[in-house]
2 protein chains.
Amino acid sequence: MKADLNPHISVDCVVFGFDGNELNVLLINRDPADASHPTGKLKLPGDLIIRSEMLAAAAQRILTEFTGLHDIYLKQFGIFDDPQRLDSSDDLEWLRNRSGLSIERVVTVAYYSLVKINHSIQTDLSIAYHACWYPCASIPALIFDHNRIIENGMEVLRRELLTEPLCFELLPDKFAINQLQRLYEAILGCSLDNRNFRKKIQRLPYIEPLNERQKGVPHKPARLHVFDNEKYLLLKKDHTIFIL
Amino acid sequence: MKADLNPHISVDCVVFGFDGNELNVLLINRDPADASHPTGKLKLPGDLIIRSEMLAAAAQRILTEFTGLHDIYLKQFGIFDDPQRLDSSDDLEWLRNRSGLSIERVVTVAYYSLVKINHSIQTDLSIAYHACWYPCASIPALIFDHNRIIENGMEVLRRELLTEPLCFELLPDKFAINQLQRLYEAILGCSLDNRNFRKKIQRLPYIEPLNERQKGVPHKPARLHVFDNEKYLLLKKDHTIFIL
């Protein structure tokens, strides 16, 4: 129980992680391992904000507390304000007991992030709450409206993937086209035609082929490419059709 | 005093209006005309939400109540969450008195809209609260952080103006290039070179010149143009550089 929590506003963090093959999301147990619910329901890392706290600071604090991740770029992407969002099942009762506060309605502000799965997520709380990556393709039922929040975050992520070069943050600096394709497929949740994908990528002047090939792969080593951010930014400026 | 207000969350509406010459914003008096403050401080149309209300519904309700505007597209653009945002001057005291609620911290969710100034804004409340257009170039000091909310809304509006064709919603269907230039100047808050502007606009294939000229103007009648949204959408699709 924390007496200084604001019982009306919370933040929730949707951290997407790519492991080279699948898109995952970071979830924690609702209750710590030593509580009366040993298996525990799952939820997003999130909590009520502290009375004197800004939302963005709360999101960073909570993410670090529960997962050990810090200095992660978190983007605010939605407000979940359904007055009934806490009502179903025993989750509201759980929140009242855990916080020791008289809670009626909580509006939550959601943040998302996209990271490579190579960060260690070991903190006292991450161990107690069993912070873990779960494949986006098979997320179990979560508490409150957390499934909906993830779905919404996925939509934002897909939109950004199609309009911004954020995918290169998830790949090694030098990558093969099939690695990029796998990432697109994981985020879009569908398979793409190899030949078409390759053709489209080869048309993009800011993806440069190198005179270098993959090493130590079990298949025929593919040619490596790099993303040229400067070229991308110049082209983007030219292609934005309403800039005067 | 409304007993069913949520004393923790409010919405505020930044309604920008273009009158053919200047960009304006809709403000209301803090107190109705018959209150003890006859001149009154100014504020954005906004209020605490009702306990059972969604944020978007609250924004529409409040805008209609205070200004008579309805079915206006309101876009959520920011959350203002500084824990001290209510503290300055006597505004917090005023809010406590008016609502009859014990108010500590209010997080406000801001919406913006862009309309032609040709709507009638006459309702009982709009008259009582003296809802009025004020030029964005000279907004007086408002209560709470409402000046900051407007500045922030202006930034969002400028960004959208440079990347989306929203300006055509503020012009007549047939417009002269100098009318479009005046709108850009009003929103960007600077003057643009006539010749350069004309050249840039004439390069845009979705702005079509007509064989028609302005009528009843005191100066030499200028050629009229129309915006072709279908052409725009096709071109936009081609120019979005990350769409696969």
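Does A:D71 count as buried or exposed, or in other words, what does its relative accessibility make of A:D71? At 72% relative accessibility, A:D71 counts as exposed, because the cut-off for that class is over 50%. The model is a predicted one. A:D71 sits in the loop that runs between helix 1 and strand 5 (75-80) of chain A. Its phi is near 55°, a positive value in a residue other than glycine. Most residues other than glycine have a negative phi. B:H130 lies in the loop between helix 3 (124-128) and strand 7 (132-135) of chain B. With a relative accessibility of 44%, B:H130 counts as partly exposed.

Now the chain as a whole. Chain A contains seven helices and 10 strands. Its C-alpha trace spans about 60 × 50 × 30 Å along the principal axes. Of its 244 residues, 49% count as buried. Among the contacts in chain A with a separation of 6 or more, 69% are between residues 24 or more positions apart.

One open sheet of chain A has three strands in the order 8-10-9, with antiparallel pairing. Strand 8 (175-176) and strand 9 (207-213) are the edge strands, each pairing on one side only. Strand 8 is joined to strand 10 (residues 223-227) by two bridges, and the two strands run antiparallel. Across this pairing, A:A176 stands opposite A:L224 of strand 10.

The next topic is the relation between the chains.

The largest nonpolar core has 46 residues, of which A:V11, A:L55, B:V11 and B:L55 touch the most other members. Elements of both chains give two or more residues to this core: strand 1 (5-18), strand 2 (23-29), helix 1 (55-67) and strand 6 (107-116) of chain A, together with strand 1, strand 2, helix 1 and strand 6 of chain B. Leaving aside neighbours within four places in sequence, the contacts of B:V11 include B:L55, B:A58, B:A59 and B:I62, as well as B:T108, B:V109 and B:Y111.

B:D47 is also among the contacts of B:V11. This aspartate is found in strand 4 (residues 46-50) of chain B. Its relative accessibility is 9%, so B:D47 counts as buried. The side chains of B:D47 and B:R98 are joined by a polar contact of 2.7 Å. Beyond its neighbours within four places in sequence, B:D47 is in contact with B:S10, B:V11, B:I62 and B:R98.

An α-helix has 3.6 residues a turn, so residues three or four places apart point the same way.

Technical notes
Residues are numbered from 1 along each chain as its sequence is written. Chains are lettered from A and ligands numbered from 1 in the order in which they are written. This is a predicted model: local features need pLDDT of at least 70, side-chain atom pairs count only at pLDDT 80 or more; totals for chains, interfaces and linings use all residues. Side-chain values use heavy atoms; hydrogens and water are left out. Helices (H or I, at least four residues) and strands (E, at least two) are DSSP runs, numbered from the N terminus. Buried means under 20% relative accessible area, exposed over 50%, partly exposed in between (1.4 Å probe, protein chains only). A polar contact is a pair of N or O atoms within 3.5 Å; within protein, one must be able to donate a hydrogen and the other to accept it, and residues adjacent in sequence count only if both atoms are side-chain atoms. Contact means heavy atoms within 4.5 Å. A nonpolar core is a set of buried Ala, Val, Leu, Ile, Met, Phe, Trp, Tyr and Cys residues joined through side-chain atoms within 4.5 Å. Two strands pair if DSSP finds at least two bridges between them.
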